[in-house]
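Hello,

Here is the structure I promised to pass on. Please have a look at it first, and then read my notes below.

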Amino acid sequence: MVTLESVLEYHNMRTAMTQVIKNRGAAGFDGIPVSELEQWFREHPHQLSKAVTSGTYKPQPIKRVY
C-alpha cells in the first residue's frame with residue numbers, strides 16, 4: 001500500500017525530481033524552470049512535504065505539454 005507519508009519521503013521526492021530533470025520536463029505554473037529545480041529543492045528540502053501534510057499546499061492546474 002502506498003501512503004501519503006511514503007510519497008512525501010525525502011528520498012522519494014528527490015527521485016521524482018531527478019526523473020523530471022532527466023526527462024527534460026517543462027516549467028510548471030509556478031514558473032520554476034527545470035534547470036533551477038534541483039537548487040530550489042536543496043534550499044527548501046521539506047517545504048513541499050510540510051505544506052501538503054499541513055493542508056496549506058494549493059496545487060496549480062496541470063500544465064499539459066504536447
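To start with a question: is F41 buried or exposed? Please keep in mind that this is a predicted model. F41 is buried, because its relative accessible area of 7% falls under the 20% cut-off. Y10, with a relative accessible area of 39%, is partly exposed.

Searching the whole structure turned up one aromatic pair. Y10 and F41 make up that pair, and their rings are stacked, with 5.4 Å from centre to centre and 25° between the planes. The two residues sit 31 apart and link distant parts of the chain, Y10 being in helix 2 and F41 in helix 3 (residues 34–43).

Now to the helices themselves. After helix 2 comes R24, which has a positive phi, near 55°.

Helix 2 packs with helix 3 at an angle of about 160°, and 9 Å separates their axes. The two helices are therefore roughly antiparallel to each other, since angles over 145 degrees count as such. Their crossing is left-handed. On the helix 2 side, the contact is made by Y10, M13, R14, M17, V20 and I21, while helix 3 brings V34, L37, E38 and F41.

Best wishes

Methods: Residues are numbered from 1 along each chain as its sequence is written. This is a predicted model: local features need pLDDT of at least 70, side-chain atom pairs count only at pLDDT 80 or more; totals for chains, interfaces and linings use all residues. Side-chain values use heavy atoms; hydrogens and water are left out. Helices (H or I, at least four residues) and strands (E, at least two) are DSSP runs, numbered from the N terminus. Rings of Phe, Tyr and Trp (its six-membered ring) pair if their centres lie within 6.5 Å; planes under 30 degrees apart count as stacked, over 60 as edge-to-face and the rest as tilted. Buried means under 20% relative accessible area, exposed over 50%, partly exposed in between (1.4 Å probe, protein chains only). Axes are lines fitted to C-alpha atoms, for helices over the stretch in contact, and angles run from 0 to 180 degrees between N-to-C directions. Angles under 35 degrees count as roughly parallel, over 145 as roughly antiparallel, 65 to 115 as roughly perpendicular and the rest as oblique. A crossing is left-handed if the near helix is turned anticlockwise from the far one by less than a right angle, and right-handed if clockwise. Contact means heavy atoms within 4.5 Å.
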